[in-house]
Amino acid sequence: MPNSNSQRTVGDTLAGFVRKITQDRVDAYAIASGDHNPIHLDEAYASTTQFGTRIAHGMLSLALVTEMLAAEFPFTWHDGGKLKVRFSAPVFPGETVETYGKITSIDDENGRLVATCTIGCKKPDGTDAVAGRATVPLE
Amino acid sequence: MAVPLISTAMVGHVFGPYDVTISADRANAYASAVGGDESPDYGESLAPIMVVAAALAELIEELGLFSGGLQTVHAGQEISWLRPIKIGEKVDARGKLTANSIRRGNHFATVSVCYKDSTGTEIATSSTTIIVSEEVSVAQQ
């Protein structure tokens, strides 16, 4: 990881990480978000759905992606950062996911350098649970 | 069962305002859910996606998505941050339905949300797109 944003260049990969999405994490996320939908929490209920079991909140996968961005751009991500993503597939408790990102362009926007990154979170089979792009001021 | 709001709401419908102030307990729960060795040190601030998640939970409730027995897919999300948000800082979220079309029996709805601090200053925005089916009685994501 570069020491400062001024060293960022197009093609830089962001430091992704892996995280096992346990049911304990899903339960904690329900408390944090206030989303207590039983499809995330109640196995008996979830077994009657099209998924046949509980699924993690989609926003939990996105939260992992934003953790990566906050760690990579600690001084600017929360002060002018933007993202746009699509949720492509559910994550099931017990699965291990991996976040990823790459800088695809750096542009001058009104006198401020801004990096555009592809971002996402992949499931164990390589498919995206969530994917999209983010823009982050570099200064 | 009452008709869920998603079935009747018109574009321009206003949601909230919701109090999405995040307490230390909820911030700790977030850290348990999401955190790890790679996580940044937020200090007195919170991971700002928490206010978006809190507003989304309120929207799901007000739209009647789960209580109405509707299958809902969280299809897309946009977020922008204008400044860091502190734990316990008063934040209000106000949403507006910006799209609600029906195609092949599915609602495609987008709700844009503006987050303001106690002075009324905008500190973040988000836009959530959901697909709601009236044919299956499940809610997801």
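A:N110 is exposed, with a relative accessible area of 85%, where buried means under 20% relative accessible area, exposed over 50%, and partly exposed in between (1.4 Å probe, protein chains only). The accessible areas come from the Shrake-Rupley method with a 1.4 Å probe, and for residues only the protein chains shown count as cover. The place of A:N110 is the loop between strand 3 and strand 4 (112–122) of chain A. Helices (H or I, at least four residues) and strands (E, at least two) are DSSP runs, numbered from the N terminus. A:N110 is not a glycine, yet its phi is positive, at about 55°.

This is a predicted model, in which local features need pLDDT of at least 70 and side-chain atom pairs count only at pLDDT 80 or more, while totals for chains, interfaces and linings use all residues. Residues are numbered from 1 along each chain as its sequence is written, chains are lettered from A and ligands numbered from 1 in the order in which they are written, and side-chain values use heavy atoms, with hydrogens and water left out.

In B:R104, a residue other than glycine, phi is near 50°. B:R104 lies in the loop between strand 3 (92–103) and strand 4 (106–116) of chain B, and at 83% relative accessibility B:R104 counts as exposed. The peptide bond from B:G16 to B:P17 is cis, with omega near 10°.

Chain A has 4 helices and 5 strands, and from the N terminus on its elements run β-α-α-α-α-β-β-β-β. The C-alpha atoms of chain A fill a box of roughly 55 × 30 × 20 Å along the principal axes. Of the 139 residues in chain A, 51% are buried. Chain B has 2 helices and 5 strands, in the sequence pattern β-α-α-β-β-β-β. Its C-alpha trace spans about 45 × 35 × 25 Å along the principal axes, and 50% of the 141 residues of chain B count as buried. The radius of gyration is taken over C-alpha atoms, and the globule rule is 2.2 Å times the number of residues to the power 0.38. For 141 residues a compact globule would have a radius of gyration near 14 Å, and chain B, with 16 Å, agrees with this.

Within chain A, A:D35 sits in the loop between helix 1 (23–33) and helix 2 (38–41). A:D35 is buried, with a relative accessible area of 11%. Its C-alpha atom is separated by 8.4 Å from that of A:H57, 22 residues apart along the chain. A:H40 belongs to helix 2 of chain A and is buried, with a relative accessible area of 0%.

Charged side chains form pairs in both chains. The structure holds 10 salt bridges over all chains, a salt bridge being a side-chain nitrogen of Lys or Arg within 4 Å of a carboxyl oxygen of Asp or Glu. One of them joins A:R8 and A:E72 (2.8 Å, N to O). A:R8 lies in the segment before strand 1 (18–20) of chain A and A:E72 in helix 4 (residues 58–72), so the pair ties together parts that are 64 residues apart in sequence. Both A:R8 and A:E72 are buried. Another salt bridge links A:K122 and A:D128 (3.5 Å, N to O). A:K122 is partly exposed, with a relative accessible area of 31%, and A:D128 is partly exposed at 22%. In chain B, the side chains of B:R83 and B:E89 meet in a salt bridge (2.5 Å, N to O). B:R83 is partly exposed at 26% relative accessible area, whereas B:E89 counts as buried at 18%. Salt bridges that share partners join B:R83, B:E89 and B:D117 into one network.

Some charges instead gather in a patch. A:D107, A:D108, A:E109 and A:E139 form a patch of negative charge on the surface. Patches are made of residues with over 30% relative accessible area and no salt bridge, with like charges joined within 9 Å and nonpolar side chains (Val, Leu, Ile, Met, Phe, Trp, Tyr) within 5 Å. Lys and Arg count as positive and Asp and Glu as negative, while His and the chain ends are not counted. The place of a charge is taken as NZ of Lys, CZ of Arg, CG of Asp or CD of Glu. A:D108 is found in strand 3 (residues 96–109) of chain A and is exposed, with a relative accessible area of 56%.
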